[in-house]
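This report describes contacts made by aromatic rings. Please view the sequence and the structure below before reading on.

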Amino acid sequence: MPPFTLGHFSQVCCQLLNHYFGEVVGEVGAYLLRRGYRSLFDIPTATGLSIGEVKKALAVMIQHNLVKFEASERNNNIAEYSIIHHNVYCLLRYPKYLYMIKRIYGTSEEIVLEILLNLGQASASNVIFQSANRLKEANDDAEILDPSTLYQSFLKLAQDHFVIRCPKLADNANMQRVPILEVDDKEKFTVPHLEVGPIAKLLKENATQLGDHCDSEIIWRVNHERFDVELRYVVLVNAAARRVDATAGELYHLILKLWRECSNPDSPVTNALSFNAIKDAVRKNEGSSPLLLEHFDQYLRVLYEDASSLISKVGDAGGGQFVLNYTTVFENLACASLDSIVLERFGSKALRLFRLTRIQKFMEQDQMQSVAMIPAKEAKMFTYKLLEHNFLQIKELKKGTSNFAPIKSFILFHVDLPQVVRTALEACYKGLFNAMVRQKHELTDNKRVLDKHARLEILLESLRGEGLPEDELAYLADSMTAVEKSLVSRIHSMSDHLTLGQTQADDTILIFESYLKFSSIA
């Protein structure tokens, strides 16, 4: 199917499906991205795939929480399938998920999450069993292989809502052709008690499959919404650290923890925290730096008086009441990202005009060039460049209501921030897609020399472990020419740069998406 019929966001999703699950899943996913809700029998006709291939592709995507199904509005006996766009896009963020969990908890929790991400959906006992096998392959430490330790790791992830129960068949599901799935809100994050003895016994017997267990019918998956919240917190903490210093970032991280405990993460404004409550939390925190303990008052003052509005003071009770206004904070972050985009694309003078117009709300052409102190010719050129690329918008005001006299009109330039953010967001998706396609092209075109280099590195590492002399190792290393080595080095460097570019684009996308989300709620 021609990829150009998809939007930039859908192209990114299609590319991710192709990369992680293969071309067949990519074909089915691209069709669902393009057409929305479709029945099983519509997909083979449109894609040219066999019914068996389509069933397997849908099964894989349902297993990994990328596709959902529900009864058709036209016929309740037919199921219609649709892509869960956000979950597909989150495939790009899996490395961030793993790094985040390792930083917060440790290696055991990282392994548990990695296994669950690989399986898509699984019972807690199966995840623990597979995690223990993974650790067993890495080392033979009996303490690490203890399933009760991994059970505690899984328990931590569920208690902090990083994993969530999958819905199960409803009580009246047998009465309908298309099953209805539901889960009780009270049970979403409740992990049942597990008997780890049988799991430990199977591990000692070097078993590869767990089989049926006491919790086999309770299935878990990754909670993407919880990770979205944590990624937003990372953006905010990094913003505080860049704005002030690392100690301010440490304080902001502690305050975010307090807000998370007492506020709904999807609310545009958090509940208020008192000065005394924040100070007590800093004192009780074992990891607080001496600098923060000594200068707590000054750091808090710098954060709430700063123009970025990372903290807003709303009252004086209890030494002061502080809230986090997500709408204002992400608006400031989105504006900073847009300023950076305008500076890189059009230069400093265009940035001056863009920023001035955004601050002043509405401005005429003559007023813009005089206040910005830019020559008329250049001001007009940059203004219309920004207008052409949708960074500025026009509003026409007409003066006079006479039916006979000519009507005088005023042309005012302004910045419609949500519209500009949506335009920049589309550009980010386009850049992300281009980076992914370019990386795939480079790795595919040079696959032969990369495979040769990988085989040679494995062979040299193996022989080095066997104690082969260095001169013989150098002789084997020369089996690749200098040109091939240079090519491999260039490809690896380019691939690393493209991966870094994708990560940075995703960070900007997260800021823009958060701004649009909270501004729409507000």
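Is Phe-518 buried or exposed? At 0% relative accessibility, Phe-518 counts as buried, the term meaning under 20% relative accessible area, with exposed meaning over 50% and partly exposed in between (1.4 Å probe, protein chains only).

## Basis of the report

The model is predicted: local features need pLDDT of at least 70, side-chain atom pairs count only at pLDDT 80 or more, and totals for chains, interfaces and linings use all residues. Residues are numbered from 1 along each chain as its sequence is written, and side-chain values use heavy atoms, leaving out hydrogens and water.

## Stacked rings around Phe-518

The structure holds 18 aromatic pairs. Rings of Phe, Tyr and Trp (its six-membered ring) pair if their centres lie within 6.5 Å; planes under 30 degrees apart count as stacked, over 60 as edge-to-face and the rest as tilted. Tyr-326 and Phe-518 are stacked because their ring centres are 4.8 Å apart and their planes are at 10 degrees. Tyr-326 belongs to helix α17 (residues 326-346) and Phe-518 to helix α24 (residues 482-521), so this pair ties together parts 192 residues apart in sequence. Helices (H or I, at least four residues) are DSSP runs, numbered from the N terminus. Tyr-326 is buried, at 2% relative accessibility.

Phe-330 and Phe-518 are also stacked, with ring centres 6.0 Å apart and planes at 15 degrees. This pair links helix α17, which holds Phe-330, with helix α24, which holds Phe-518, across 188 residues. Phe-330 is buried, at 0% relative accessibility.

## Charges over rings and a ring cluster

A charge sits over a ring if NZ of Lys or CZ of Arg is within 6 Å of the ring centre and within 35 degrees of the ring normal. The charged end of Lys-517 sits over the ring of Phe-518, 5.5 Å from its centre.

Elsewhere, ring pairs join Tyr-94, Tyr-97, Tyr-105, Phe-162 and Phe-227 into a cluster. Over the ring of Phe-162 sits the charged end of Arg-226, 4.4 Å from the ring centre.

Notes. Helices (H or I, at least four residues) and strands (E, at least two) are DSSP runs, numbered from the N terminus.
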